Amino acid sequence: MQLYRSFFQHFQKLNQIFNTKAFSIGPLHNVSFEIGADGQVNNSFVAPAKRTAVAGLQFAFDLPYKGYFNVAPLYYKEWNHNAFLAPAFTAPAPGIVDGNVNFRGTWAIETNYYMDLGFLPDYLPLSVSGRAGWYGPKGTGTSLAIPGNIPTKVELNSEPIRLTLDASKVFWGPKYSHFVDVWVAYRYWQNKFGLDHNNSFVCTGANKGSCTESSLYSGLSVKF
């Protein structure tokens, strides 16, 4: 069971730092320093306890209808918990205590975009958005040679498209824009948590397909 999750992300825009427009060229709107962190706490032997840190640059581009596209090449570092490396799941071996893993630093590329579909009539306020993140191989998280602990592969975690209807604007007018949004989205996640979907024992055999997710889902967002 996951008890707590926090996320921190901070940007320093170079145009504002140096009081210049040198980092605005054509569709490029700005360049920023980016740092971030993500953390989880759990109270279960089998639950993940993912903690990550990222640092790098973000390049922000303009899209039509006041939209944007951001791409960030980053350094990525992860610490986690792997129940399959804890004593209950492995043969006795020196150094295996609690399943905690410390992955080596690797590269990452994160992207996201948003654009109002401004060419549609005012009574149909739709927008489209999405994100994708690629995370490089990060080793096995331990220096121990454990059978079945396959080195990680490039992980793709994405929601390439989300279509959003500004429902509050439709029913109550522009004054209440985006107070209530209704959306539908598609998610694709391959090599979940970096696990090799072709070779890792938790992704093959009876568990075949468990390390790739492809799903369509919808929801409601309310702003308070």
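This dialogue walks through a predicted model of one protein, feature by feature.

Trainee: What kind of model is this, and which cut-offs apply to it?

Mentor: It is a predicted model, in which local features need pLDDT of at least 70 and side-chain atom pairs count only at pLDDT 80 or more, while totals for chains, interfaces and linings use all residues. Residues are numbered from 1 along each chain as its sequence is written, and side-chain values use heavy atoms, with hydrogens and water left out.

Trainee: What is the mean pLDDT of the protein?

Mentor: pLDDT is the predictor's confidence in each residue, from 0 to 100. The mean here is 87, and 86% of the residues reach 70 or more. Over residues 1–5 the pLDDT is below 50, although this stretch has 17 contacts in the model beyond near neighbours in sequence; a contact means heavy atoms within 4.5 Å. Where pLDDT is low, the predicted coordinates should not be read in detail.

Trainee: How many helices and strands are there?

Mentor: Helices (H or I, at least four residues) and strands (E, at least two) are DSSP runs, numbered from the N terminus. The protein has two helices and 10 strands. Read from the N terminus, the order is β-α-β-β-β-β-β-β-β-α-β-β. Of the contacts with a separation of 6 or more, 57% are between residues 24 or more positions apart.

Trainee: Which strands pair with β7?

Mentor: Two strands pair if DSSP finds at least two bridges between them. Strand β6 (residues 106–116) is joined to β7 by nine bridges, and the two run antiparallel. One point to look for is A108, which stands opposite Y135 in β7. The pairing of β7 with β8 is also antiparallel, over nine bridges, and there S127 stands opposite T164 in β8. In a regular strand the side chains alternate between the two faces of the sheet.

Trainee: Is β7 mostly covered or mostly open?

Mentor: Buried means under 20% relative accessible area, exposed over 50%, and partly exposed in between (1.4 Å probe, protein chains only). β7 is mostly covered, with eight of its 10 residues buried. For the protein as a whole, buried residues make up 35% of the 224 residues.

Trainee: How many salt bridges are there, and which residues does K138 pair with?

Mentor: A salt bridge is a side-chain nitrogen of Lys or Arg within 4 Å of a carboxyl oxygen of Asp or Glu. The count comes to four. In one of them the side chains of K138 and E78 meet, with 2.6 Å from N to O. K138 lies in the loop between β7 (126–135) and β8 (155–166) and E78 in strand β4 (residues 67–81), so this pair ties together parts that are 60 residues apart in sequence. K138 also forms a salt bridge with E155, where the closest N and O atoms are 3.9 Å apart. That pair links the loop between β7 and β8 to strand β8 itself, 17 residues apart.

Trainee: What does the side chain of W189 make a polar contact with?

Mentor: A polar contact is a pair of N or O atoms within 3.5 Å; within protein, one must be able to donate a hydrogen and the other to accept it, and residues adjacent in sequence count only if both atoms are side-chain atoms. The side chain of W189 makes such a contact with the side chain of E155, at 2.9 Å. W189 lies in strand β9 (residues 180–190) and is buried at 9% relative accessibility. Leaving aside neighbours within four places in sequence, W189 is in contact with E155, L156, N157, C211, T212 and E213. The C-alpha atoms of W189 and N157 are separated by 4.5 Å, though the two residues are 32 apart along the chain.

Trainee: Which residues does the disulfide join?

Mentor: A disulfide is a pair of cysteine sulfur atoms within 2.5 Å. The whole structure has one disulfide, joining C203 to C211 with an S to S distance of 1.9 Å. The link of C203 and C211 is left-handed, with -70° about the S-S bond. C203 is buried at 1% relative accessible area, and C211 is buried at 4% relative accessibility.
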